[in-house]
Amino acid sequence: MTHSETLHAAGLTAPDLTGGTLPVHSPIDGAEVARIRETAPADMAGVIAASQQAFKAWRDVPAPRRGELVRLLGEELRAAKAELGAVVTLEAGKITSEGLGEVQEMIDICDFAVGLSRQIYGLTIASERPGHRMMESWHPLGTCAIISAFNFPVAVWSWNAALALVCGNPVIWKPSEKTPLTAMTCMKIMDRALARFGDAPAGLVQLVIGGPAIGEALVTSKDIPVVSATGSTRMGSIVGPKVAARFGRSILELGGNNAMIVAPSADMDMAVRAIVFSAVGTAGQRCTTLRRLIAHNSIKADLVAKLAKAYASLPIGDPRHATTLIGPLVDHPARDRMVAALDKARAEGGTVHGGAPVTQGVPAGGAYVAPALVEMPAQSAVVKTETFAPILYVLGYDTLDEAIHLQNDVPQGLSSCIFTLDMREAGAFLGAAGSDCGIANVNIGPSGAEIGGAFGGEKETGGGRESGSDAWKGYMRRQTNTVNYSAALPLAQGVKFDF
Ligand code: NAD
């Protein structure tokens, strides 16, 4: 299929794709595939006002009925899975299986949110006063702004939107300026679900297109109580304080620098398979990509040799081909940043295997690279920095304490794992003095989370939680209720105030 056939199959029409100012390029071959209209900054006030109006109606719709809208969205996504997945591949450069996997993740979170719509539970609490009852109620909070990154161009929206909608909140989505077409395709799918639902208020689900300035309008608006922002630590360091300054709530999902500890007892074949998928999948452009391998010195050389062999056999090329495992980087500046990081690693004493740009056997115009393995003498500055590319730094260790110290000694705190068959080591890694990340796994790589768990990380990753478990509480306001059904008015803590 040509790019325009892919876009048309997904329901995007010529007026959607032309006549605007924002050029959209496909990472596959660098071709400009559309020039779309951006939201004017002057229109943002109207967008936000429409969302507030929608909130007034949506918050009174019973949660299970709100769940029906998300159920319909899940149905529409199932029907459009192939077409939307193909746009993810076209616009983000993901291999076909990962493009489809991203849509499956959307379907999964819809299923989860439909169940949640009948399970928004609060506690009842024992009151210290006779004839009194205490409980917690969870109420809708208001508009949720969703600012998303290029590398999960649709799943991140659905993690937030599916929960926010069943929680009673309208959503306004500002996708990455690099991936507006997947967002526009999603909105068409959402519009079909809204039409079938019938009586959802206008302005319930909105899309705005543009760069940081459009994001800024959402970040600074007092009328947007929740801002969920996914992207670089740099972006979070700007957005977080601005939301906090107006006492808004932010859910920050920022950069990671994820590690795997490989202990001497590990199942090496399994570890190699997990390392290769986690380090080179999505061409190293996942927030949970494996970037640091901390291998016991007794097995390190053997592990590096096995990895070098595996790396040499990985098919790099057009992400639409069934056999390709490594597609392109998002653009040429991303490849320049990879080359610069490898130069820095060499200057810091590293030995680099692979990592060269690939120009043969790949579509012309795309930024293709061979994944890099870099043996480092120490966890130097370059290792502590997230470079969004398939670079795996390898470090050695002698004691588990040393390995855990290395794992934690970076500014980011998203995902982590240990490969070991020793239950004491696994227990220590998961314990209070173990991994300091939001995600810690045993005998599973750091990349590729399921939607059932709360997703997010600590430190410079931002502290936000999305998706499963009780992450829904981030989209609601908690109210403590005390009801007096007695004929007396006792005060708490035995205070007397008779008059
Ligand atoms: P980015 O920070 O360049 O952009 C992310 C989004 O933020 C875009 O929509 C962008 O327009 C917007 N933005 C940028 N500056 C802004 C500002 N000042 N005000 C408001 N909005 C602003 O990130 P990217 O290159 O698209 O994505 C890659 C990064 O995202 C990596 O660091 C990756 O680790 C991270 N990421 C994190 C998670 C997670 O869940 N923790 C998931 C995916 C990606």
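Modeller: Start with pairing: two strands pair if DSSP finds at least two bridges between them. Strands here are DSSP E runs of at least two residues, helices are H or I runs of at least four residues, and both are numbered from the N terminus. The model is predicted, so to speak for its local features pLDDT must be at least 70, side-chain atom pairs count only at pLDDT 80 or more, and totals for chains, interfaces and linings use all residues. Residues are numbered from 1 along each chain as its sequence is written.

The strand is β10, residues 258-262. On one side, β10 pairs with strand β18 (residues 415-419). That pairing is parallel and has four bridges. Within it, M260 stands opposite C417 of β18.

β10 also pairs with strand β11 (residues 290-296). These two run parallel as well, joined by five bridges. Here A259 has R292 of β11 as its bridge partner.

Now burial. A residue is buried if 20 or more other C-beta atoms lie within 10 Å of its own, exposed if 12 or fewer, and partly exposed in between, with C-beta atoms placed from the backbone. β10 is mostly covered, with five of its five residues buried. Which way do the residues of β10 point? N258, M260 and V262 point one way. A259 and I261 point the other way. Both sets are buried.

β10, helix α11 (residues 268-280) and β11 make a right-handed β-α-β unit. Right-handed means that, with the strands pointing away from the viewer, the path from the first strand over the helix to the second runs clockwise.

For a contrast in pairing sense, look at strands β1 (residues 22-25) and β2 (residues 32-36). They run antiparallel, joined by four bridges. V24 stands opposite A34 of β2. β1 and β2 form a hairpin with six residues between them. In the turn, G30 has a positive phi of about 75 degrees.

R337 counts as partly exposed because it has 14 C-beta neighbours inside 10 Å. R337 and F388 are 51 residues apart in sequence, yet 8.1 Å apart in space, C-alpha to C-alpha. Leaving out residues up to four places away in sequence, R337 touches T387 and A389; contact means C-beta atoms, placed from the backbone, within 7 Å.

Definitions and conventions
Contact = placed C-beta atoms within 7 Å.
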